[in-house]
Amino acid sequence: MSSRAQIATCPACVAAPAAEEAAAAGMGMGDRQILLSLPDIHCAACISGIERALNARSDVRRARVNLTLKRATIEADTGTEAADLAEALTRIGYQAHELDAGSLSGSQSDKAGRELLMRLGVAGFAMMNVMLLSVAVWSGATDATRDLFHWISATIAIPTIAFSAQPFFRHAWSALRAARLNMDVPISLAILLAAGMSVYETAQHGQHAYFDAALSLTFFLLAGRYLDHRTRSVARSAAAELAALEVPRALKLSGDGEAMTSVADLRPGDLVRVLPGARVPVDGTIETGSSEVDRSLLTGESLPVFAGPETRVSTGEVNLTGALTVRVTAAGQDSTLHRLADLVAIAETTRNRYTSLADRAARIYAPVVHLLSFAAFGVWLWVSGDVRLSLNIAVAVLIITCPCALGLAVPAVTTAASGRLFRHGMLIKNATALERLAEIDTVVFDKTGTLTEGRPRLDDPAGCRPEDLALAQALARGSAHPLAAALAEHVPDRSPTEVRQQSDIEHLREIAGHGIEAVCQGQTLRLGRADWVGATPVAGTATYLRVGDRTVAFRFTDSLRDGATEAVKALQRQGKSVILLSGDHPSAVADIAGRTSIDAFEAQVLPDEKSLYIKTLCERGHKVLMVGDGLNDTAALAAAHASISPASALEATRVVSDIVLLGNSLAPLPDAVITAGSATRRIKENFAIAALYNAVAIPVALLGFATPLAAALAMSASSVSVSLNALRLR
Amino acid sequence: MEVLVFLIPISLFLGALGLVAFFWTLKSRQYEDPKGDAHRILSDEYDDKPAP
């Protein structure tokens, strides 16, 4: 439910209050709470190592590590910078990232979960005590003793049901008000009727009271509900953590200087400053400054584009080299990101129409059970003429057929499956994601950032002269541009002469939007775009170095993401057809398709065409799994039958995905499809088990032989066997 | 059967005691970090008194 609500609202709106809170926290009011994400911690030594390191600092008052959430909560003095703490931890060998405390405060204290657990505890306590009394009745207590035991049971059971079964009553009521039937309707009816009839029977000194059945029903079903909630809240808190890693704020320029403001407060006409390396927070035109922008998340293009005054930029692009001043033309509701989110909202409604197996089962099950019990009442009244007896039998039918096992059948399986996938680095965000994933027959991949890392890597370094490479590297170290970073990252076997050359570099300066210039031994060096350096452009991604009047081209290829080839091969072996769709140039797409052995690919596909392509596939009867990370994939992700995005994707993209890949590798992907398949099989098996128990129990109940003991046995046995079957998935 | 007059209240009282203990563990947030707690017992830093 909550995941849908999250999708319906836009990510910027969700984040806006968080940013405000974060800004308020930044103002400093006494203590400061800092949250750090610690993705690598796994043992007792990590816990004590980190806590010791943090508590030893004078500016930290208290630090506590939560291993389950892989997170540290720190109470520190005002003015302590989270970045400093993260850096201190990184120095002693633990990866740490700052988290936005504002957007996480909700998930930290999981109130709904604690409430469910409380109800579960009360139901468990009451069930055990009433069962104890019931055993005495079953083993032969009679007359006054039996009545006493029944009355004690009633005093325990009635308040417990009133408290613990509330979630079922609420859901059933909301379904009935909308003139629908869901699983909670027969559940609520069975619990209420069982309790009501038992009170009446007790008052009439009757032989059978079903207090224990009413309570164990409540207990088992609450257990299912709690499992369901746990699975979702784990996914939710992990998703919230991903979102908290990026805070939507912008540097607003006004008469009295720069100020950090929330993106939601920006109006068209405002000026914002976008620093190199930052994401453009709004749609707008550049006023001053020039730079290169990376549009890959919006269009899938892997080459950075030049941006100078009058160039239009849109939300989500990354500024690479120079600082830009941007005049806002659209922010928040009207930005490109928002328009995409609208597209997504439309596609979402189609997906929400997907009925889960549980809903389908409930749709058949609920009317059948009610009709059966009603028929039992009618027939018995006609045969015996005894209203009380007929009512007893009708209620017994309802209790015995109550979907105890059905209530556990789905959550137990999804808990086991999500747990398994989570351990393999996948986060299931949508309740029906596994069922939809199990049905897919076509997999569509995006290229940049999904199949590839979206990070260029120097191609064929052996082909260029080592001294050129050394010079280029010396220049590249001064820039944050991805190509420069890739050059600098490359480690050749350096000889002493090259090192000497590097120290001779002088007057290093970056010319935004063009490249880097420096002087070495009286010679001007330039590293950057072809037209600026004066070189003839070569095909593909490249940067150019000018030494004197000589130019050298350094080519880059986008390196494949870890496990991409294996994932594609494994999916093809499973009989899925794999397609590559990209907004990038045909040559780059063909290259990647060749390396991952994908036969079907299309290049220069616009965002709308992508989602159209997916829709056409769907209309032809294919079930499509879309794997993508860019904003240009968002509509396609939403249109597909199931969708997966890597953790590096933008928040807006992750929100529409059913599954988020937490690790850097694509290797777990085929495993996810297999797990989804077996999970769906288990769910169906569980339904079969539940149906089998009912097939035996219903005739017994219809014939009037059902006793509270038989009901208790059938209920516990089916619940336990369903849970055990689900555990086979782990 | 008179013994029931004592036994039933006693059993209910003991059960309620367990329930109250459960509430206490819930209130004091002992289910927030089950994995961490499982690992913390291996650390000998907290032998004299539990970490705050």
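This is a predicted model: local features need pLDDT of at least 70, side-chain atom pairs count only at pLDDT 80 or more; totals for chains, interfaces and linings use all residues.
## Chain A at a glance

Chain A holds 28 helices and 26 strands. Of its 730 residues, 52% count as buried. If you look at contacts in chain A between residues at least 6 apart in sequence, 69% of them join residues at least 24 apart.

## Two helix pairs

Two packed helices are described by the angle between their axes and the distance between the axes. Start with helix 13 (residues 357-384) and helix 14 (residues 387-401) of chain A, which pack at an angle of about 160° with their axes 8 Å apart. An angle over 145 degrees counts as roughly antiparallel, so that is the label for helix 13 and helix 14 of chain A. Their crossing is right-handed. On the helix 13 side the contact is made by A:Tyr365, A:Val369, A:His370, A:Leu372, A:Ser373, A:Ala376, A:Phe377, A:Trp380, A:Leu381 and A:Ser384. Helix 14 answers with A:Val387, A:Leu389, A:Ser390, A:Leu391, A:Ile393, A:Ala394, A:Val397, A:Leu398 and A:Thr401. Sorted by class, this contact has 14 nonpolar, five polar and no charged residues.

Next up are helix 18 (residues 466-476) and helix 19 (residues 482-489) of chain A, packed at an angle of about 125° with axes 8 Å apart. Helix 18 and helix 19 of chain A are therefore oblique to each other, and their crossing is left-handed. Helix 18 puts A:Leu469, A:Ala472, A:Gln473 and A:Ala476 into the contact, while helix 19 supplies A:Ala484, A:Leu487 and A:Ala488. By class, that makes six nonpolar, one polar and no charged residues.

A:Val627 belongs to strand 24 (residues 624-627) of chain A. With a cut-off of under 20% for buried, A:Val627 qualifies because its relative accessibility is 0%. Setting aside neighbours within four places in sequence, A:Val627 is in contact with A:Val443, A:Val444, A:Phe445, A:Asp446, A:Thr450, A:Leu637, A:Ile644 and A:Leu669. For a distance check, A:Val627 and A:Leu580 are 47 residues apart in sequence and 9.7 Å apart in space, C-alpha to C-alpha.

A:Ser657 sits in the loop between helix 26 (651-656) and strand 26 (659-661) of chain A. Despite being in a loop, A:Ser657 is buried, at 2% relative accessible area. Its side chain makes a polar contact of 2.9 Å with the side chain of A:Ser645. Not counting residues up to four places away in sequence, A:Ser657 touches A:Lys429, A:Leu637, A:Ser643, A:Ile644 and A:Ser645. A:Leu637 and A:Ile644 also turn up among the contacts of A:Val627.

## A buried serine in a helix

A:Ser153 is part of helix 7 (residues 143-164) of chain A. A:Ser153 has a relative accessible area of 2%, so it counts as buried. Beyond its neighbours within four places in sequence, A:Ser153 is in contact with A:Val130, A:Leu133 and A:Phe211.

Most residues other than glycine have a negative phi. A:Ser597 has a positive phi of about 50° although it is not a glycine. A:Ser597 lies in the loop between helix 23 (586-595) and strand 23 (600-602) of chain A, and at 29% relative accessibility A:Ser597 counts as partly exposed.

A:Gln604 also isn't a glycine, and has a positive phi of about 50°. Look for A:Gln604 in the loop between strand 23 and helix 24 (607-619) of chain A. A:Gln604 is partly exposed too, with a relative accessible area of 45%.

## Where chain B comes in

Which residues is B:Lys35 in contact with, leaving aside its neighbours within four places in sequence? They are A:Leu67 and A:Thr68, on chain A. B:Lys35 counts as partly exposed, at 43% relative accessibility.

Key. Residues are numbered from 1 along each chain as its sequence is written. Chains are lettered from A and ligands numbered from 1 in the order in which they are written. Side-chain values use heavy atoms; hydrogens and water are left out. Axes are lines fitted to C-alpha atoms, for helices over the stretch in contact, and angles run from 0 to 180 degrees between N-to-C directions. Helices (H or I, at least four residues) and strands (E, at least two) are DSSP runs, numbered from the N terminus. Angles under 35 degrees count as roughly parallel, over 145 as roughly antiparallel, 65 to 115 as roughly perpendicular and the rest as oblique. A crossing is left-handed if the near helix is turned anticlockwise from the far one by less than a right angle, and right-handed if clockwise. Contact means heavy atoms within 4.5 Å. Ala, Val, Leu, Ile, Met, Phe, Trp, Tyr, Cys and Pro count as nonpolar, Asp, Glu, Lys and Arg as charged, and the others, Gly among them, as polar. Buried means under 20% relative accessible area, exposed over 50%, partly exposed in between (1.4 Å probe, protein chains only). A polar contact is a pair of N or O atoms within 3.5 Å; within protein, one must be able to donate a hydrogen and the other to accept it, and residues adjacent in sequence count only if both atoms are side-chain atoms.
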